Every structure is written in structure tokens, then in C-alpha cells.
Amino acid sequence: MNFVIKSKRLLNNTYLMIFCWFIFILSGCVSQKTTSPQGVFYGILPCADCSGINYELTFEGENLYTEKIWYIGKSSEIIQHSGRYEVLQDRVITLIDKPVEHGMRQFAMEGERLRMLDLSGGPVQGKTADLYILGKEKPKDFYLGETSFR
């Protein structure tokens with residue numbers, strides 16, 4: 001009699017393990033929603049031949065973006081470009097319609113910040129690496145041309 005009870009318990013445990021394994025396998029097959037950036041990100045980026053670059057990147061619905069760039073002290077022109085982006089591996093944003101050689105086209109999502117990536121898609125290295133971070137808050141001296149956003 002003890003043998004029959006132990007056998008039933010073993011069989012029930014085996015079924016439970018198979019069921020849990022099946023659920024585990026199925027959960028891996030369910031596609032997860034890709035995280036998309038939202039809102040506006042700002043940064044003042046380093047510039048080799050000017051005082052800095054005021055950079056604003058706005059993400060809109062349907063994988064659309066608009067960027068505004070102003071080279072401080074070099075030109076009064078604000079460069080504006082709109083296009084499409086994609087998110088790879090739930091963390092790397094690529095502005096897909098910008099040529100690779102122009103740079104400023106890939107960003108790594110880091111919580112509420114974006115880290116601009118270099119031409120090869122890696123993080124910028126060196127002393128100025130932390131200056132390539134865009135945030136949701138406008139930097140203290142951020143402005144685009146004649147319009148100030150202080």
C-alpha cells in the first residue's frame with residue numbers, strides 16, 4: 001500500500017515538473033513589446049571647432065523622430081532633420097535614414113537617458129565620454145539660435 005501512495009506522489013510530481021517546464025518554454029516564445037523611447041532628449045555635445053553643439057532629439061509615434069542641431073558660436077543656422085528610427089535589442093536606437101559617416105545616429109538607452117554612440121556603434125571613449133549623454137531635462141545653458149530655453 002505504501003508503494004502505491006509513493007508511486008502516485010512521484011507521478012504527480014513528474015506531471016507538475018513537466019507542466020512547469022512547458023510553461024517555462026512557452027514564456028520564452030511569447031514576443032515582448034520592444035521598448036521605444038518617448039519624449040524629448042537634450043544635450044550640449046563637445047565640438048572640435050566650436051564652443052559646443054546644442055542637440056535636441058524628439059521621438060514621436062510610429063517610429064518617427066526630429067532632431068535639431070546648433071553649432072554654438074559657429075553659425076546661427078539651426079539644422080533640423082526628421083526621419084524614422086528603429087530600436088534594436090531593446091536598447092539601441094538607430095536613426096535609420098541618416099548616413100553612417102555623419103555620426104549622431106545611434107544611441108544606447110540607459111533608463112531615462114540616452115548615450116550617443118560612436119561611428120562603430122560603441123560608447124564614446126576618453127575624457128569627454130560623459131558629455132555624450134542626452135537627458136530629459138534641458139541643460140542650464142541650452143538654447144537653439146535666438147530662442148533661449150533657460
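## Disulfide

The count comes to 1 disulfide, a disulfide being a pair of cysteine sulfur atoms within 2.5 Å. The model is predicted: local features need pLDDT of at least 70 and side-chain atom pairs count only at pLDDT 80 or more, while totals for chains, interfaces and linings use all residues. Residues are numbered from 1 along each chain as its sequence is written, and side-chain values use heavy atoms, with hydrogens and water left out.

The disulfide joins C47 and C50, with 2.2 Å between their sulfur atoms. The link of C47 and C50 is right-handed, with 120 degrees about the S-S bond. Both cysteines, C47 and C50, are buried; buried means under 20% relative accessible area, exposed over 50%, and partly exposed in between (1.4 Å probe, protein chains only).

The model has 5 salt bridges, where a salt bridge is a side-chain nitrogen of Lys or Arg within 4 Å of a carboxyl oxygen of Asp or Glu. One of them pairs K74 with D49, at 2.8 Å from N to O. K74 is in the loop between β3 (64–72) and β4 (79–88), and D49 is in the loop between β1 (39–45) and β2 (52–60), so the pair links distant parts of the chain, 25 residues apart. Strands (E, at least two residues) and helices (H or I, at least four) are DSSP runs, numbered from the N terminus. D49 is exposed, at 52% relative accessible area.

K98 and E67 form another salt bridge, with 2.9 Å between the closest N and O atoms. K98 lies in the loop between β5 (92–95) and β6 (106–110), whereas E67 belongs to strand β3, so this pair ties together parts that are 31 residues apart in sequence. Both partners are buried: K98 has a relative accessibility of 10%, and E67 has a relative accessible area of 3%.

## The network at E110

A network of salt bridges links E110, R113 and R115. Within this group, the side chains of R115 and E110 meet at 2.9 Å, N to O. R115 counts as buried, at 15% relative accessibility, whereas E110 is partly exposed, with a relative accessible area of 27%.

E56 is a residue of strand β2 and counts as buried, at 9% relative accessibility. Leaving aside neighbours within four places in sequence, E56 is in contact (heavy atoms within 4.5 Å) with V40, F41, Y42, T66, E67, K68, F142 and L144. Among these contacts is E67, the salt-bridge partner of K98.
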